[in-house]
Amino acid sequence: MSKKTNYSYVGVSFIILLFGIYFVPKIIDRVSNKDVVRDESRSEDINHNPKKRPGTLSDLQFIEINGVRKKVPEFSFTDQNGNTVSNKDYEGKVYVLEFFFTTCPSICPKMNANMVDIQNTFPNEKDFGIASFSITPHIDTPEVLKAYAEQNGITSPNWHLMTGDVDEIYKLANEGFYLYTAKDENADGGFEHSGNFALIDKNGYIRSRSDAQGSPIIYYNGIISEEEKVDEAGMEQQITWLKQDIAKLLKE
């Protein structure tokens, strides 16, 4: 055996030894701390939907609080058609969720114009829906919501404008989604609420894309339109992102 061959074996042995000394303890440590369990793993995908082929989860993140994935809380309200609608009616659907009120003079018209745009981007998609919760249910009766839908181009059978018990709606917004909602006499229309949209997957989990640092953006700005591109503060629109991410979840 030549010296060159011996050097090759020595080199390979050294690499294997180096791997054992340096990397194996790190792998063991990561396994112990469950750091190697990733949202997009193949086994995870099968657990979510046994009928799917493994490895088809998108790159969108799950939102976790204290290590637990955030899921949509249970809810049950009345929609614009007088029907009872609950979170179970959205099972198996990708949907976008918002809080609004029909007499809102400021951000709501912008939000729902963007939501109509999103609706029209997926016109024949039976597995896509929208959930809009009124924060002034004493005003927004089913009849009022139905008229609002007709006036604003809301045509999808999977877009439910909901009204119901005010305390339950505010609890859903502030505790269920951490989307700030409150009565405020100094705010336009007498109420203040978030202008963000939440994206929900077919299994009821809140999902979002990552920012430049790899952290989930959590919610999508629902106020700035694609046409506007940026607002006065220089913030860029996120409706394009939202459309792209809806498409990703529909393929999961």
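Because the model is predicted, local features need pLDDT of at least 70 and side-chain atom pairs count only at pLDDT 80 or more, while totals for chains, interfaces and linings use all residues. Residues are numbered from 1 along each chain as its sequence is written, and side-chain values use heavy atoms, with hydrogens and water left out.

Helix 5 spans residues 166-176; helices here are DSSP runs of H or I with at least four residues, strands are runs of E with at least two, and both are numbered from the N terminus. Ile 169, Tyr 170, Leu 172, Ala 173 and Gly 176 are its buried residues, where buried means under 20% relative accessible area, exposed over 50% and partly exposed in between (1.4 Å probe, protein chains only). As for the spacing, an α-helix has 3.6 residues a turn, so residues three or four places apart point the same way. The buried residues of helix 5 pack against strand 4 (76-78), strand 6 (94-100), strand 7 (128-134), strand 9 (181-183) and strand 10 (191-193). Just past the helix, Tyr 178 takes a positive phi of about 55°.

Next come the rings. Searching the whole structure turns up 11 aromatic pairs, a pair being rings of Phe, Tyr or Trp (its six-membered ring) with centres within 6.5 Å; planes under 30 degrees apart count as stacked, over 60 as edge-to-face and the rest as tilted. Phe 75 and Phe 77 make a stacked pair because their ring centres are 6.2 Å apart and their planes are at 15°. Phe 75 counts as buried at 6% relative accessibility, and Phe 77 does so at 6%. Phe 99 and Phe 133 are stacked too, since their centres lie 5.2 Å apart with planes at 25°. This second pair joins distant parts of the chain, with Phe 99 in strand 6 and Phe 133 in strand 7, 34 residues apart. Phe 99 is buried at 3% relative accessible area, and Phe 133 is buried at 0%. Ring pairs tie Phe 75, Phe 77, Tyr 90, Tyr 95, Phe 99, Phe 133 and Phe 177 into a cluster.

Finally, the annotated site. An unreviewed UniProt entry lists Cys 104, Cys 108 and His 193 under "binding site"; positions follow the numbering used here, feature names are shortened, and annotations may be inferred rather than shown by experiment. Despite being spread over 90 residues of sequence, they cluster in space, with a largest C-alpha distance of 10.2 Å. Cys 108 is found in helix 3 (residues 107-121) and is buried at 1% relative accessible area. Residues up to four places away in sequence aside, Cys 108 touches Phe 100, Phe 101, Tyr 148 and His 193, contact meaning heavy atoms within 4.5 Å. His 193 lies in strand 10 and counts as buried at 10% relative accessibility.
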